[in-house]
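Here's a quick tour for anyone meeting this structure for the first time. Take a look, and then we'll go through a sheet, a helix pair and the cores.

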Amino acid sequence: MNRTVVSSNGWNIGRAVQIWEQVDHGVTVSACGGPAYGGGPHITNATFWDNRILQHYLFRGRDLGECFLLSTLYVNWSTSLVGDPLYHPDLSQTILDATAPKLTTKKDIQIDLFPAMGMYTGQITIPVVSSRDLPEVATLSLYYKKQGDAEMVSRWPIYSTRPRTVLRNLEPDSVYSFRPVLTDPYGNATDVTAVFGPLQFSTGHLTAAEPAIRTGKKRSNSWKISLLKKKQFSESGTLEVVYSSEADGVLPVVRSEDIQVAALRNQSSSPFTIGGPSRGWVKKNPVPKGENITMILRWRRFPLTRELLFRAKNGREFTYAADVRTPWETMTLRGPIIVREQKGTTIHSVTLSDDAFPASEAACGVSVPPFNAQAWEAAHQ
């Protein structure tokens, strides 16, 4: 059971919107705009259910459809309620889950390592035992360290039958020990090393390779990067734009056949596309006016990364928008990539590299946290 109350959340907008993301992850009770055309009207306390009322009656044996009606002030066209109207929990048969997640064998642990920005990045996937009669999902917390170093932790907060997590900045020619902990929705946890003993993996030797870099050339009020079907930029890439803005919340526009960042002045919806469906963030760009602001677009096919960030003067990076769940469509950057100045903005440089860091921890959360304006001010002094 889950819901996301935003006006751009509608069945008909595309697979990247929140309702489809929830359904894809197993949510069976939800709500969305129905339909929404680039944004639909909603009044939170009138068109979406009141969760206190719905759960009060649902867990006292009423059907879900009846609970929807009891907990919704108006029945109207602006919201679609999702769920089986005849469903009701059989409370006499309800048994709390006290069984911790399990693996079949240690060989089921999948470890994928690959170079990224002069280091190694890893993705570890651990499938849990699940069946139709005994379904199981879990989150994964993975504690890992190189010998002699402090322990680090990486988490993936979505419940799944194949929970995974990303390990960043792994040093070449090194041995890492790791300890996965699986936790199901009832709080039952399994420390995998307690079952199978110590676990470790090794990174290989990394041969330094010169990154492919393209520098933008200025054309009037825009900058252009020609690509000519460069496959390496399609697999992973980092676009950095250094600019100055005379007004709060105004940034350059980025456009190509497969990439789009079009946050315009006074616009509340910011389309953001990299190799897949457009995601619209219904929030204004939070970056205040200033000098030498670095806007960063990162994408990787594996592990899946689409992220829009801003780097402050002290090097700290702030995630503004991200999508690390929508399946990656086939993308071959044909170029050119055009970065255009808006009124009140001045672009100083545009560079494109064929490598990228994996998604930040902020991007891998359940949702991207709000942009911290005060932290940005402190980091950008």
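Let's start with strand 14 (residues 236–245) and strand 19 (residues 290–300): they run antiparallel and are joined by nine bridges. Strands here are DSSP runs of E, at least two residues long, and helices are runs of H or I, at least four, numbered from the N terminus. In this pair, glutamate 240 sits opposite isoleucine 296 of strand 19.

A word on the source: this is a predicted model, where local features need pLDDT of at least 70 and side-chain atom pairs count only at pLDDT 80 or more. Residues are numbered from 1 along each chain as its sequence is written.

Zooming out, six strands make an open, antiparallel sheet in the order 11-23-14-19-20-21; two strands pair if DSSP finds at least two bridges between them. At the edges, pairing on one side only, are strand 11 (213–215) and strand 21 (317–322).

| Helix | Residues in the contact |
|---|---|
| Helix 3 | Ile53, Leu54, Tyr57, Leu58 |
| Helix 4 | Leu64, Cys67, Phe68, Leu70, Ser71 |

And the cores? A nonpolar core is a set of buried Ala, Val, Leu, Ile, Met, Phe, Trp, Tyr and Cys residues joined through side-chain atoms within 4.5 Å, with buried meaning under 20% relative accessible area (1.4 Å probe, protein chains only). The largest has 36 residues, and Met295 and Trp299 are among those touching the most other members. Strand 19 gives the most to this core, four residues. A second, separate core of 18 residues includes Ile126 and Phe201.

Key:
Side-chain values use heavy atoms; hydrogens and water are left out. Contact means heavy atoms within 4.5 Å. Buried means under 20% relative accessible area, exposed over 50%, partly exposed in between (1.4 Å probe, protein chains only).
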